[in-house]
Amino acid sequence: MKKVFSRTSSLRDVDTHYCSGCGHGIAHRLIAEAIDELDIREQVIGITPVGCAVIAYNYWNFDCVESPHGRGLAIATAIKRVRPQNIVFTYQGDGDLAAIGTAETIHAANRGENLTVIFINNAVYGMTGGQMAPTTLIGQKTATSPRGRDIGNEGYPLKISEIVAQLPGVYSVERVSCDSPKGVLKAKSAIKAAFKNQMDNKGFSLVEVLSACPTYWSLTPADSLDWMQNTMSKEFPLGKIK
Amino acid sequence: MAHIKIKRDKCKGCMLCIKVCPKGQLKEDSVLNKKGIKPVVFLGQDCTGCTFCGVICPDTAIEVYK
Amino acid sequence: MTKGQKILISGNEAIAQAALDAGCTFYAGYPITPQNEIIAYMSEHMPLQGGVFIQSESELAAINMVFGASAVGARAMTSSSSPGISLMQEAISYIAGAELPAVIVNVMRAGPGLGNIWPAQSDYFQATKPGHGDYHCIALAPSSVQEAYEVTKDAFRLADMYRIPVFILSDGMLGQMMEPLLADSQGSMADGKRKKLSTIDYRLSTKKWAATGCKGRDAHVVKSFYMNMGELERFNLELQEKYKKIKAREQKQEALYIDDAQVVLVAYGTMARLAKEAMAILRKKGVKAGLLRPISVWPFPEDIIKRLTVSGKRVVFLVIEMSYGQMVEDVRLAVNGRAQVEFLGRSGGGIPSEEEIINKTVALLNC
């Protein structure tokens, strides 16, 4: 009998600190699988964010640089320019990439940096305790939008992928969702393609991954998948944007 | 017949595998694991080796054999 | 520029050329007056040398680009002026926390806020007692174009040796003025004979900690986050040991006529040029004045001040700054009550004049 599914070698055999049902674990694994399938583990430099995933380097088995909050793409830009022979990616949450780091995101994209960006959108700030994110849905209750996100006070969910896709320097933008096995497999092929793009010098590739945060959605992990399918992906439509 | 191996002590009990298994081959255990939560157990009757459980597992707690 | 040939050049350009001569392979910056000559010089010459130049979208991005370049082993520099340095403050702390080498040039202008673009020395605290967390940067304060060149070259060596951010603390006056410079550049840039950076040893081979891809070794992580109980405290103690070592080894100053001095004028950078002139005039008048000019403002040259004051000899220190009293605090700490410390300062566009220094000195001795 053959092993058809198991941990890949770029993912360390350790427990993560993530909550039960958290999507980060899935996204970490997909990145590791993509890297191993492309056989680039020894060339990869990952940039970890500030947020729940800051210590992703404890779970990945390749070189990593830990970024100040939001500055991942400034750091990645410099690394790729200095060492074009490496494969450089950022792993950033919605607060990191689409709030505090918006300028770095837009400008790295606009310069057409040959980078891979994995953008984890779970519509909430996890590490700090469930506050409103730029991608929080209208009406969604968080620690800092206790009556639900109100556009009059907090504005609209920011669709950074659609914004970035407008820029001529950007090669590829895709939104996927880890809301089902099928969705996870799609996410993996998008992530793999985004790495492949960099290997082929195609330029800036961004994959937005809708990812569950059951803890701060106040849902069970199983119900979180339903919420992603029925509600979140209505606001953030899936598919290839560019 | 295909089967899966569950790393009991890695399981955080999110039960996503139970939700996605097309054949209902998984259930919550009644005994706690080292983390102090009830992990998933494999029933082992009708597994097709589709890997859905492994694919959705956020904790790499499942290996699939076919 | 040819080796051994003197050229007329501004302080800002001298700093940029020094970085190139030191094997700096990465520069990122954002325009701000009065340091724009540095970014312009780098944009022209860095690519010719095979290095990377980026005009970033902000000072935040610039310093984080330096963070990234340094994390993978490049000699990296950014430059800015006061408000821009404030924007960089967060990442400088991260660079210190990740123990990365970096060179940061602050061509100081007057503040607070937008202030104005006139020269000032009011960012001394920021350079010597910097942002969040218990860390230090080495801070070097040149007072001539030639010295700006020399300390900038040395800054890269120090940054690599101690894995620490190094400030060049210049000001708008020094940045803009032109003086002769004897540089040890390796060939002319115009004739294309300049050495490519790939042939200059910038010691990547010694940077065993760099994140360059994990081929043939365990994965490297460049980070400043220590979450486990006790971990950060242990790391901080290691940092403090490093700072002790730097304090013991790297104090640097120019001392003139201090042994018989009744009054020691203490000034750095541009201010020290005027203090030096004032000292010469005072000496001619028969006043025993001396000059202590810190070149490293962190570590502050406290040892020489201790030596001067422990004997019990009566001496007055007159600290002169283009600020309302920043370095004077370090002089007071070094003196530790053993001598009189007085202060003369202006900031916001004004600079204490020779006359003001002389009058203050004479008044001090007469009271």
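Trainee: How many Å separate the centres of domain 1 of chain C and domain 2 of chain C?

Mentor: The structure is a predicted model. In chain C, the domain assignment gives domain 1 as 6-206 and domain 2 as 253-366. Taken over C-alpha atoms, the separation between the centres of these two domains of chain C is 28 Å.

Trainee: Which helix or strand gives the most to the side of domain 1 of chain C that touches domain 2 of chain C?

Mentor: In this contact, 25 residues of domain 1 of chain C meet 21 residues of domain 2 of chain C. On the domain 1 side, at least two residues each come from strand S6 (116-119), helix H5 (124-128), strand S7 (138-140), strand S8 (165-171) and helix H7 (172-176) of chain C. With four residues, the element that gives the most is H5(C).

Trainee: Is H1(C) roughly parallel or roughly antiparallel to H6(C)?

Mentor: Two packed helices are described by the angle between their axes and the distance between the axes. The axes of helix H1 (residues 11-21) of chain C and helix H6 (residues 145-162) of chain C come within 8 Å and cross at roughly 30°. Angles under 35 degrees count as roughly parallel. H1(C) is therefore, relative to H6(C), roughly parallel.

Trainee: Is the crossing of H1(C) and H6(C) left-handed or right-handed?

Mentor: Residues of H1(C), including C:Gly11, C:Ala14 and C:Ala18, meet residues of H6(C), among them C:Ala148 and C:Thr152. The residues of this contact divide into seven nonpolar, three polar and two charged. As H1(C) passes H6(C), the crossing is right-handed.

Trainee: How many charged residues are on the side of chain A that touches chain B?

Mentor: The contact takes 25 residues from chain A and 21 residues from chain B. On the chain A side, two or more residues are given by each of strand S1 (3-5), helix H1 (24-37), helix H7 (181-199) and helix H9 (221-235) of chain A. Of the residues on this side, 13 are nonpolar and seven polar, and the number of charged residues is five.

Trainee: Which residue in S4(B) is the bridge partner of A:Phe5?

Mentor: S1(A) and strand S4 (residues 62-65) of chain B run antiparallel and are joined by two bridges. Within S4(B), the bridge partner of A:Phe5 is B:Val64.

Terms used: Residues numbered from 1 in each chain as written. Chains lettered and ligands numbered in written order. Predicted model: local features only at pLDDT ≥ 70, side-chain atom pairs only at ≥ 80, totals over all residues. Domains from an automatic or database assignment. Contact = placed C-beta atoms within 7 Å. Nonpolar A, V, L, I, M, F, W, Y, C, P; charged D, E, K, R; others polar. Pairing = 2+ DSSP bridges. Axes fitted to C-alpha atoms, helices over the stretch in contact; angles between N-to-C directions. Parallel < 35°, antiparallel > 145°, perpendicular 65-115°, else oblique. Left-handed = near helix turned anticlockwise from the far one by under 90°.
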